[in-house]
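Open the model in your viewer and keep the sequence panel beside it. This tour tells you what to select at each stop.

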Amino acid sequence: MAARILVTGASVAGTTTAWWLARCGRDVEVVERAPAFRDGGQNVDVRGTARDVLRRMGLEALLLERSTRERGTDWVTEDNHVVGRFEAAHSDTDGGPTAEMEIRRGDIARIIYEAAAAQGVRFRFGDSIEHIEQHDGGVQVTFAGGHQETYALVVIAEGVGSHTRELVFPAENRPRWMDLTIAYFSIPQIASDGVYARQYNTLGGRGAVVKPACDGKLGVYLGIQKRPGHENGWSVAQQRAFIRAQFSALGWEFPRILDAMTDVDDFYFDVLRQVRMDRWSNGRVVLTGDAAWCPTALSGIGTTLAIVGAYVLAGELARSDTPATAFAHYERIMRPFVKQGQNIPKLVPRLLWPHTRFGLAVLRNAIRLASRPALRSFINNHFARDANAIALPSYE
């Protein structure tokens, strides 16, 4: 009988892990706290070795069809005058802010989810892990719904604030706060939005990015450079009120954005922090994706790490004699890639979200210079880590 494995979390890391585990002959079940599959969400980049993994899954062409068709990123002034342009055509090679495969998180997760279900992976929504107890023969899981099941292994593929990680690795995460608070949501797109993303910065460490999405939507990212408080523990109503207070007196596109924010159903608020774990496994339980190593959206490589990490984890489990051996090999392969992806100087948010007129002038002059072909890679290195900084193993 095939080893029975539970994956908790049905976003990109969880669905990709489930796909590869099922491909390797495992009996896989995925549990997800949300009551139904979550579509939509912010745009994500998929680059380098992650594209290779998706190609091996036979999904690359389908995902490219669902890409947002974003042509690149413009830095703009209050009247939308372009200070500097970074074309998507260059970004997969020099690490720019727009990748060729720019896609909404929910769209890429949906496609992998459907492919995993076609491989026999079972999904259960509206439930979560309440308690975990390990023994020699496996892992006994008690679910919030009250029932218990036993699995050979449990893979935690949840988000940065993973509840299940804290059950198995209590207080082991040493988060690295990035001094940037972000709100994401979608608003209706209008004709003047165009096919380029626009980034606008103003005083007080405040700024925004608007990005073409799909289905007539525009992805909005509002950022405030500040030290973290306890904002991530607030209610959604408090978070929305905070965002409105921060941006309501500003010009540019903010009146339109805040007006639309009132009725959005995909509002997401985050105080950016990296997950730093000294170990990714404990007995028969293992972490992957953001639950293990969240690099934050500043890296431009979070989805790439999730896809590659899922592939490596499943591959090492398939060819190792014991879970301990597989987990050790998985960490040895992924640690350098993750370390490189998390290597974002704390100064970057302060430089890219300036507080003063002088800082804003310095940023815009730097953008003008960096958008020139000869200097483009200088600034691009601050947006995305090297998505090819890993030799992808072969598990055929």
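Select helix H7, residues 236–247. Its buried residues are Gln239, Arg240, Phe242, Ile243 and Phe247. Together they cover an arc of only 160° around the axis, which puts them on the same side of H7. That arc is taken from the directions from the helix axis to the C-beta atoms. Now turn to the face of H7 away from the buried side: Ala237 and Ala245 are exposed there. Buried means under 20% relative accessible area, exposed over 50%, and partly exposed in between (1.4 Å probe, protein chains only).

A note on the model: it is predicted, so local features need pLDDT of at least 70 and side-chain atom pairs count only at pLDDT 80 or more, while totals for chains, interfaces and linings use all residues. Residues are numbered from 1 along each chain as its sequence is written, and side-chain values use heavy atoms, leaving out hydrogens and water.

Stay on H7 and check its length. The twelve residues should span 16 Å at 1.5 Å a residue, and the end C-alpha atoms are 17 Å apart, which agrees. The expected span is 1.5 Å times one less than the number of residues. Helices (H or I, at least four residues) and strands (E, at least two) are DSSP runs, numbered from the N terminus.

Next, select strand S14, residues 206–212. How many of its residues are buried? Seven of seven. In a regular strand, side chains alternate between the two faces of the sheet. Colour the two sides of S14 separately. Arg206, Ala208, Val210 and Pro212 are buried on one side, and Gly207, Val209 and Lys211 on the other.

Strands pair if DSSP finds at least two bridges between them. Gln199 has Val209 as its bridge partner in S14. Four residues separate the two strands of this hairpin, and Gly204 in the turn has a positive phi of about 75°.

Find Val210 opposite Val220 in S15. This hairpin also has four residues between its strands, with Asp215 in the turn at a positive phi of about 55°.

Last stop: select Ala10, Ser11, Glu32, Ala36, Phe37, Arg38, Arg105 and Phe125. What do these residues line? They line the largest cavity. (On a 1 Å grid over the protein atoms alone, a cavity is a set of points where a 1.4 Å probe fits but cannot get out; lining residues have an atom within 4 Å of a point.)

Methods: 1 Å grid on protein atoms, 1.4 Å probe; cavity = no way out; pocket = protein on both sides within 12 Å on 5 of 7 lines; lining within 4 Å.
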